[in-house]
Amino acid sequence: MSLLIIGGTGTLGRQIVLQALTKGYQVRCLVRNFRKANFLKEWGAELVYGDLSKPETIPPCLKGITAIIDASTSRVDELDALKKVDWEGKLCLIEAAKIAKIQRFIFFSAQNVEEFKNIPLMKIKNGIEIKLKQSGIPYTIFRLTGFYQGLIEQYAIPILERLPIWVTNENTYISYMDTQDIAKFCLRSLQLFSTQNQTFFLSGSRGWVSSEIINLCEQLAGREAKVQRVPLFLLKIVSQFFGFFEWGQNISDRLAFAEVLSSENNFSNSTFDMYKMFKIETSEIVQLDDYFLEYFIRLLKRLLDINFEDVQKQKNLVI
Ligand SMILES: NC(=O)c1ccc[n+]([C@@H]2O[C@H](COP(=O)([O-])OP(=O)(O)OC[C@H]3O[C@@H](n4cnc5c(N)ncnc54)[C@H](OP(=O)(O)O)[C@@H]3O)[C@@H](O)[C@H]2O)c1
C-alpha cells in the first residue's frame with residue numbers, strides 16, 4: 001500500500017510518517033518546502049511538491065497512491081490560509097482523490113465540531129467531514145482532542161520561564177493524547193476494514209483538569225507556577241483588543257480550542273470499546289505524567305550537557 005501523507009512536517013503528521021515507514025509502507029509526503037521537510041526524506045519518505053492553496057499542484061501528487069492521510073491544517077501566522085487551505089484546498093484534494101480512485105482517505109477533525117459553527121475552523125472541519133462522506137471515497141475520520149505536545153507550550157514552558165499560565169476552565173476534564181498514539185490508531189485503521197466509512201472520537205485513557213497539569217509541572221520543575229484565572233468570556237473580549245500583538249492570534253486560537261474542548265469530556269466506556277476495536281491495549285497509551293516526566297528528564301539532560309560544554313570551553317580558555 002502506498003501512502004500520501006499531507007502535513008508530514010506537522011506535530012501529528014511527522015509521527016504518522018515515522019510509524020508508517022517503520023511498518024514498511026511506501027510513504028510519499030506532499031510538502032511545500034523541501035528544505036523544511038528534509039528530515040522526512042532522511043527518514044526514508046519520498047518528497048513531492050504540493051501546496052493545498054495551489055489546487056493545480058494536488059493531482060500529480062496522487063499518482064500511484066492507494067491511501068491519503070491528511071494531517072494538514074493552515075498555519076495560524078499565514079493570513080487568509082484558513083479558507084484557502086482547510087476549505088478550498090481540501091475540497092480540491094477530495095475531488096482529486098475521487099478521480100485517482102483512492103481506496104482510503106483519513107481525515108483529522110476535532111471533537112464537537114457541529115456545536116461550534118461560530119468558530120471558523122470548526123465550521124470548516126464539519127463541512128469537510130460532510131463533503132468527504134458524500135464523495136463516495138472510503139474514509140476514516142478521527143475527531144481529536146488536544147495533544148500532549150501542545151501542553152508543553154501551554155504549561156511546562158511558562159513555568160520554566162516564570163511566565164503566567166492562563167487558565168480558563170478549571171473543572172473541565174480533558175482526555176489529551178500523545179500524537180504518537182494518535183498515529184498508531186491512524187495506521188491501524190488502514191489494516192482494519194471495519195474502520196472504513198466510520199467516524200471515531202479519539203481521546204486519551206484519562207481526563208485531566210488544568211490544576212492537575214499545573215501541579216504535575218510544578219513538581220517536575222521544582223518551581224511554583226504563576227496562574228492567572230480568567231473567565232472564558234473575559235479572555236475572548238481581551239483577545240479582540242490585543243489582536244495586534246504577536247501573541248494575539250495565538251491566544252484567540254487557543255481560546256477557540258479551549259471552548260471546543262471544554263464543552264464536554266467525551267472520554268467514556270466507548271473509548272475503551274474503541275481501543276478494543278483497534279486492538280490497542282490501554283496500557284499501550286502514553287500517560288500524561290509519563291510524557292511530562294520524559295520531557296523534563298530530556299530537558300535536564302540537555303541543560304547538564306550545555307553546562308558541561310561551557311565548563312570544557314572555559315577549561316580550554318584557561319589552558
Ligand atoms: N493540535 C491540536 O490540538 C489538534 C486538535 C484537534 C484536531 N487537530 C487536527 O489534527 C491535524 C494535525 O494538527 P497539527 O497540530 O499536527 O498540525 P500542525 O503541527 O500545525 O501542522 C500543519 C501541517 O500542515 C501543513 N500545511 C499547512 N499549510 C499547507 C498548505 N498550504 N499545503 C500543504 N500543507 C500545508 C504544514 O506544512 P508546513 O510545515 O509547510 O507549514 C504542516 O505540515 C490537523 O488537521 C488539525 O486540525 C489538531
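**Notebook: sheet, helices, ligand shell**

I began with the sheet: seven strands form an open sheet with parallel pairing, in the order 3-2-1-4-5-6-8. The model I am reading is a predicted one. I then looked at the edges. Strand 3 (46–49) and strand 8 (198–202) stand there with a single partner strand each, so one side of each has no neighbour in the sheet. For the twist I noted an average of 20° from one strand to the next.

I looked up one pairing in detail. Strand 1 (residues 2–6) pairs with strand 4 (residues 67–70) in the parallel sense, over four bridges. Within this pair, I found isoleucine 5 opposite isoleucine 69 of strand 4.

Next I turned to the helices on the sheet. Helix 1 packs on the sheet and touches strand 1, strand 2 (26–31), strand 4, strand 5 and strand 6 (139–144). I noted that the direction of helix 1 makes about 165° with that of strand 1. Helix 5 (residues 120–135) lies across strand 5, strand 6 and strand 8. Its angle to strand 5 is about 155°.

I moved on to the ligand. I noted 25 residues surrounding the ligand, with Thr9, Arg32, Asp51, Arg75 and Lys125 as the closest. Sorted by class, the shell holds nine nonpolar, 11 polar and five charged residues.

I then listed polar pairs between protein and ligand. A polar side-chain atom of threonine 9 is 2.6 Å from an oxygen atom of the ligand. At glycine 10 a backbone N or O atom lies 3.1 Å from a ligand oxygen atom. For leucine 52, I found a polar backbone atom 2.9 Å from a nitrogen atom of the ligand. I also looked up the area: the ligand taken alone exposes 910 Å², and the protein buries 91% of that. The elements giving two or more residues to the shell are helix 1 (11–22) and strand 5 (104–110).

Last, I checked arginine 188, which sits in helix 7 (residues 179–191). What does arginine 188 contact, leaving aside its neighbours within four places in sequence? I found Phe278, Lys279 and Ile280. Arginine 188 and lysine 279 are 91 residues apart along the chain, and their C-alpha atoms are separated by 8.5 Å. A polar side-chain atom of arginine 188 lies 3.0 Å from the backbone oxygen of lysine 279.

Notes: Residues are numbered from 1 along each chain as its sequence is written. This is a predicted model: local features need pLDDT of at least 70, side-chain atom pairs count only at pLDDT 80 or more; totals for chains, interfaces and linings use all residues. Side-chain values use heavy atoms; hydrogens and water are left out. A residue is near a molecule or strand if one of its heavy atoms lies within 4 Å of it. A polar contact is a pair of N or O atoms within 3.5 Å; within protein, one must be able to donate a hydrogen and the other to accept it, and residues adjacent in sequence count only if both atoms are side-chain atoms. Accessible areas come from the Shrake-Rupley method with a 1.4 Å probe; for residues, only the protein chains shown count as cover. Ala, Val, Leu, Ile, Met, Phe, Trp, Tyr, Cys and Pro count as nonpolar, Asp, Glu, Lys and Arg as charged, and the others, Gly among them, as polar. Two strands pair if DSSP finds at least two bridges between them. Axes are lines fitted to C-alpha atoms, for helices over the stretch in contact, and angles run from 0 to 180 degrees between N-to-C directions. Contact means heavy atoms within 4.5 Å.
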